[in-house]
Amino acid sequence: MIKQETAMKTLSHNAFARHEIVRERVGIRDDTDCSWCGRVKSTKNGSRYLFRYGIQADSLVARINWLRGLFCSKGCAELYAEVDL
Ligand SMILES: [Zn+2]
């Protein structure tokens, strides 16, 4: 269950494809784990979190197409969604 979200980070910008890959950190309060490998990230004080990844088109209406699932890393998201981020 998604309980809290922090600011998004742009990971890369592909000018040719005219989209950006964005990542958002999502706080985890239940037993949700990485959709690909089953791991969970945690901070020094024990707060658990994962990332979600999305593709944002370069347009005036900046709609983000989020990948399904939460992931511990970009590599897991790529394997799970079968995309190159
Ligand atoms: Zn993972």
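Q: Quick one to start. Is E82 buried or exposed?
A: E82 is exposed, because 6 other C-beta atoms lie within 10 Å of its own, and the cut-off for exposed is 12 or fewer. Keep in mind that this is a predicted model.

Q: Where does E82 lie?
A: E82 is in the segment after α1.

Q: And what is phi of E82 near?
A: Phi of E82 is near 55°. That is a positive value in a residue other than glycine.

Q: Back up a step. How many helices and strands does the protein have?
A: There is 1 helix, and there are 5 strands.

Q: In what order do the elements run from the N terminus?
A: The order is β-β-β-β-β-α.

Q: Confidence next. What is the mean pLDDT of the protein?
A: The mean is 86. Of the residues, 86% reach 70 or more.

Q: Which elements have the lowest and the highest mean pLDDT?
A: Strand β1, residues 2-14, has the lowest, at 66. β3 has the highest, at 96.

Q: Strand pairing. How many bridges join β2 to β4?
A: There are 10 bridges, and the two strands run antiparallel. As one example, H19 stands opposite A57 in β4.

Q: How do β3 and β4 pair?
A: Antiparallel, over 2 bridges. Strand β3 covers residues 41-42. K41 has Y49 in β4 as its bridge partner.

Q: What about the hairpin of β3 and β4?
A: It has 5 residues between the strands. Within that hairpin, G46 takes a positive phi near 90°.

Q: And how do β4 and β5 pair?
A: Also antiparallel. Strand β5, residues 64-66, pairs with β4 over 3 bridges.

Q: Staying on β3, is S42 buried or exposed?
A: S42 lies in strand β3. It is exposed, because its C-beta has 11 others within 10 Å.

Q: What does S42 touch?
A: S47 and R48, not counting residues up to four places away in sequence. S42 and C72 are 30 residues apart in sequence, and their C-alpha atoms are 9.8 Å apart.

Q: Switch to the core. Which residues make up the largest nonpolar core?
A: I21, V22, L50, Y53, L70, F71, C76 and A77, 8 residues in all.

Q: Which elements give two or more residues to this core?
A: β2 (19-28), β4 (48-57) and α1 (74-81) do.

Q: Why is V22 buried?
A: V22 counts as buried because 21 other C-beta atoms lie within 10 Å, and the threshold is 20 or more. V22 sits in strand β2.

Q: What is V22 in contact with?
A: Leaving aside neighbours within four places in sequence, V22 is in contact with M8, K9, T10, L11, G54, Q56 and I64. V22 and K9 are 13 residues apart in sequence, with 5.7 Å between their C-alpha atoms.

Q: L70 is in that core too. What does L70 touch?
A: V26, T32, C34, S35, L50, F51 and R52, again not counting residues up to four places away in sequence.

Q: R52 is on that list. Why does R52 count as buried?
A: R52 has 21 C-beta neighbours inside 10 Å, so it counts as buried. R52 lies in strand β4.

Q: And what is R52 in contact with?
A: With E24, V26, W66, L67 and L70, leaving aside neighbours within four places in sequence. R52 and L67 are 15 residues apart along the chain, and 7.0 Å separates their C-alpha atoms.

Q: What about K74, where is it found?
A: K74 is in helix α1. K74 is partly exposed, because 16 other C-beta atoms lie within 10 Å.

Q: What does K74 touch?
A: Y53 and L85, not counting residues up to four places away in sequence. K74 and D84 are 10 residues apart along the chain, and 9.3 Å separates their C-alpha atoms.

Q: Last, some totals. What share of the residues counts as buried?
A: Of the 85 residues, 11% count as buried.

Q: And what share of contacts joins residues at least 24 apart?
A: 44%, among contacts between residues at least 6 apart in sequence.

Technical notes. Residues numbered from 1 in each chain as written. Predicted model: local features only at pLDDT ≥ 70, side-chain atom pairs only at ≥ 80, totals over all residues. Core = buried A, V, L, I, M, F, W, Y, C linked by C-beta atoms within 7 Å. Helix = DSSP H or I, 4+ residues; strand = E, 2+ residues; numbered from the N terminus. Contact = placed C-beta atoms within 7 Å. Pairing = 2+ DSSP bridges. pLDDT = per-residue confidence, 0-100.
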